[in-house]
Amino acid sequence: MNVSVIVPVKNEEENVATLFHEIQTVMADQENLVYEIIYVDDGSSDRTRQILQELATTNASLRILRHVTNCGQSTAVLTGVLHSVHDYIVVLDGDGQNNPIDIPTMLERFTQARPGEKLGMVIGNRVNRQDSVIRKISSRIANSVRAGLLNDSTPDSGCGLKMLPRSLFLRLPFFDHMHRFMPALVIRQGYAVKSIPITHRQRLAGTSKYGIHNRLWVGIVDLFGAIWLINRMQRPVVKEMTGKK
Ligand SMILES: Nc1nc2c(ncn2[C@@H]2O[C@H](COP(=O)(O)OP(=O)(O)O)[C@@H](O)[C@H]2O)c(=O)[nH]1
Ligand SMILES: [Mg+2]
């Protein structure tokens, strides 16, 4: 299997080194795995870039991409995917809240996918979520609204840790903040999404980049956009009429 791990970061100077080493340890431990680790620095104003550059001097698996100005988490993930070279993509948050030890379970789930299962994405479900009560409640509401309106029963649609084929990611409609709707968009393409329980940790250091303005209000607008996108999709059954029967 060959995998590109993509980590979007904005001002995570205290977290990059620890998390990078954790990812590297987990990936190096897997048999028959070819991988690269791509950090996308999204116009950070702290020392994130310098720390990444120092790490890259001794770690050949690390690639660094940088947006000159801040473009947001989804765009950073897209930049990483566009520049990645492997068949599968693993995305995780750069603050250490997702634990890379859960990545092997995801790799295994894809390796063991049954033919015909049409497995499109494996996503984490933060069962022991280490966030404030308000965050947990607002996520629960967002997930049940998405379940009702988008035909997506994924229990933790906004989880940062996920794995999917690169080719499928590139077929998903792209919009700012689409990272919160990825399961529904994968289902829209006719693929299955599997959730697996994952560990969740407190942020290693620093503060959340999201608040009510850039999560709730934007999320409501995006929800209507996602409903529109899903309703405007046709899935033809295609039969090739030439060549072998
Ligand atoms: N590239 C990029 N990443 C971001 C941005 N905002 C947040 N992130 C990253 O997305 C991940 C999740 O953000 P975080 O602030 O921890 O959100 P929370 O865990 O939902 O409170 C972290 O890796 C952040 O560094 C952004 O504007 N651009
Ligand atoms: Mg976080």
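Biologist: Where does asparagine 32 lie?
Modeller: The model is predicted. In it, asparagine 32 lies in the loop between α1 and β2.

Biologist: Why does asparagine 32 count as exposed?
Modeller: Its relative accessibility is 69%. Exposed means over 50%. So asparagine 32 counts as exposed.

Biologist: What is the phi of asparagine 32?
Modeller: Phi is near 55 degrees, a positive value in a residue other than glycine. Most residues other than glycine have a negative phi.

Biologist: Which loop holds histidine 177, and why is histidine 177 called buried?
Modeller: Histidine 177 sits in the loop between α6 (166–169) and α7 (182–188). Its relative accessibility is 10%. The limit for buried is under 20%, so histidine 177 is buried. Phi of histidine 177 is positive too, at about 70 degrees.

Biologist: How many aromatic pairs does a search of the whole structure find?
Modeller: Three. One of them joins phenylalanine 175 and phenylalanine 181, with ring centres 6.0 Å apart.

Biologist: Why is the pair of phenylalanine 175 and phenylalanine 181 called tilted?
Modeller: The planes are at 50 degrees. Stacked needs under 30 degrees and edge-to-face needs over 60. Phenylalanine 175 and phenylalanine 181 are buried.

Biologist: How do you know that lysine 118 lies over the face of tyrosine 191?
Modeller: Lysine 118 is at 4.4 Å from the ring centre. The distance limit is within 6 Å, with a further limit of within 35 degrees of the ring normal. Arginine 180 does likewise with tyrosine 210: its charged end sits over the ring, 4.9 Å from the centre.

Biologist: In what order do the seven strands of the open sheet come?
Modeller: β3-β2-β1-β4-β6-β5-β7, with mixed pairing. From one strand to the next, the twist averages 20 degrees.

Biologist: Why do β3 and β7 stand at the edges?
Modeller: β3 (62–67) and β7 (192–198) each have a single partner strand, so one side of each is left without a neighbour in the sheet.

Biologist: How do you know that β5 and β7 are joined?
Modeller: Seven bridges join β5 (residues 119–126) to β7. Pairing needs at least two, so β5 and β7 pair. They run parallel. Asparagine 125 stands opposite proline 197 in β7.

Biologist: What joins β5 to β6, and what pairs β4 with β6?
Modeller: Two bridges join β5 to β6, which run antiparallel. There, valine 122 faces methionine 163 across the pair. β4 and β6 are also antiparallel, over four bridges. Tyrosine 88 stands opposite proline 165 in β6.

Biologist: What makes both faces of β6 covered?
Modeller: Lys162 and Leu164 on one side are buried, as are Met163 and Pro165 on the other. In a regular strand, side chains alternate between the two faces of the sheet.

Biologist: Which strands does helix α1 lie across?
Modeller: Helix α1 (residues 16–28) lies across β1 (2–9), β2 (34–42) and β3, at about 165 degrees to β2. Helix α4 (residues 103–111) packs on the sheet as well, touching strands including β1 and β4 (88–91), and makes about 155 degrees with β5.

Definitions and conventions:
Residues numbered from 1 in each chain as written. Chains lettered and ligands numbered in written order. Predicted model: local features only at pLDDT ≥ 70, side-chain atom pairs only at ≥ 80, totals over all residues. Heavy atoms only, no water. Phe/Tyr/Trp six-rings, centres within 6.5 Å; stacked < 30°, edge-to-face > 60°. Buried < 20%, exposed > 50% of the residue type's maximum accessible area, 1.4 Å probe, protein only. Axes fitted to C-alpha atoms, helices over the stretch in contact; angles between N-to-C directions. Contact = heavy atoms within 4.5 Å.
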